[in-house]
Amino acid sequence: MNPVDYLRVSLVDRCNFRCQYCMPEDATLQFLAQPELLTTDELLKLLREVMIPVGFTRFRLTGGEPLIRPDVVDIVGAIASLPQVQDISMTTNGFLLAGLAQDLYDAGLRRINISLDSLIPETFNQIIGYHTHTPAARWQKVWDGIQTAYRVGFNPLKLNVVVIPGVNDREVLDLAALTLDRQWHVRFIEFMPIGNADLFGEKGWISSEELRQQIRDRWGLAEGQVRGNGPADVFQ
């Protein structure tokens, strides 16, 4: 049996987006008060004295949105400096990434997953729960974060796309094409009714096979390849 050595660590429960599939607009949300969050020292003690001794050596930092935690760079550096740690990664919405990518890389972070549910600013705003007169502003900040992370050295980048029927499913091929010029992994993720079970009615998801078939019809499909006959893909 393979050892269990991978642990996801939530740094904060809050987020600066309110994605429909995660935190519906009409839902009442209860977040932890600041004193209830683990301090950096408490978190490191837990990893050092409990998690690492039982065999955990690979850690993914998540949230909420981990980049809204003010000491996130210090946390990355402290975890990366532990001699037993073999890998540290992060999942983020990318909104604050442009200003932090270099510091995170210098602190020891090497792998990063960024949520990018649409290439169309208006659709992107609809998904993340923002309705403004400047729809491109938030999308552009995420896109700038992706580009900055790539320039800094996060390669391959992994881009997570939650596919939503009637909202962003028409963009599957455009999103998949991001893998053609650079070694980026686009991960198409089926909607799961966790935060908002009623959002999309009876057909709230598109199957992995249907997504594969779209890509196969356009480019061919070589499972797991970064470059080759078609875009790289990871389906969850």
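Leaving aside neighbours within four places in sequence, which residues is Thr62 in contact with? I started my notes there, keeping in mind that this is a predicted model. My list came out as Arg8, Val9, Ser10, Leu11, Val12 and Thr91.

**Entry: Thr62 and its strand**

I placed Thr62 in strand 2. Buried or exposed, at 9% relative accessibility? Thr62 counts as buried, because the cut-off for that is under 20%.

**Entry: who pairs with strand 2**

I looked up the pairing on either strand. Strand 1, residues 6–10, is joined to strand 2 by 5 bridges, and the two run parallel. One pair I wrote down is Leu7 with its bridge partner Phe59 in strand 2. Strand 3, residues 87–92, also has a parallel pairing with strand 2, this one with 4 bridges. Here I noted Arg60, whose bridge partner in strand 3 is Ser89. I followed the chain from strand 2 to strand 3 and found that it passes through helix 2, residues 72–80, in a right-handed β-α-β crossover.

**Entry: helix 4 against helix 5**

Next I turned to a helix pair. Two packed helices are described by the angle between their axes and the distance between the axes. For helix 4 (residues 121–128) and helix 5 (residues 136–152) I got an angle of about 90° and axes 8 Å apart. That makes helix 4 roughly perpendicular to helix 5, because angles of 65 to 115 degrees count that way.

Which residues meet there? From helix 4 I listed Pro121, Phe124, Asn125 and Ile128; from helix 5, Ala136, Arg138, Trp139 and Val142. Sorting the residues of this contact gave me 6 nonpolar, 1 polar and 1 charged.

I also asked how many of the 8 residues of helix 4 are buried. The count is 6, so helix 4 is largely enclosed by the rest of the structure. The buried ones are Pro121, Thr123, Phe124, Asn125, Ile127 and Ile128, and the buried residues of helix 4 pack against helix 5.

**Entry: Trp184 and strand 6**

I then went to Trp184, which sits in the loop between helix 7 (178–181) and strand 6 (185–190). Its relative accessibility is 2%, so Trp184 counts as buried. How far apart are Trp184 and Lys158 in space, C-alpha to C-alpha? I got 5.9 Å, for a pair 26 residues apart in sequence.

Lys158 came up again in the strand pairing: its bridge partner in strand 6 is His185. Strand 5, residues 158–163, runs parallel to strand 6, with 6 bridges joining them. Strand 6 is mostly covered too, with 5 of its 6 residues buried.

**Entry: whole chain**

The protein chain has 8 helices and 7 strands. Of its 236 residues, 47% are buried. Among contacts with a separation of 6 or more, 70% are between residues 24 or more positions apart. The Trp184 and Lys158 pair, 26 residues apart in sequence, is the one separation I wrote down myself.

Technical notes. Residues are numbered from 1 along each chain as its sequence is written. This is a predicted model: local features need pLDDT of at least 70, side-chain atom pairs count only at pLDDT 80 or more; totals for chains, interfaces and linings use all residues. Side-chain values use heavy atoms; hydrogens and water are left out. Two strands pair if DSSP finds at least two bridges between them. A crossover is right-handed if, with the strands pointing away from the viewer, the path from the first strand over the helix to the second runs clockwise. Axes are lines fitted to C-alpha atoms, for helices over the stretch in contact, and angles run from 0 to 180 degrees between N-to-C directions. Angles under 35 degrees count as roughly parallel, over 145 as roughly antiparallel, 65 to 115 as roughly perpendicular and the rest as oblique. Contact means heavy atoms within 4.5 Å. Ala, Val, Leu, Ile, Met, Phe, Trp, Tyr, Cys and Pro count as nonpolar, Asp, Glu, Lys and Arg as charged, and the others, Gly among them, as polar. Buried means under 20% relative accessible area, exposed over 50%, partly exposed in between (1.4 Å probe, protein chains only).
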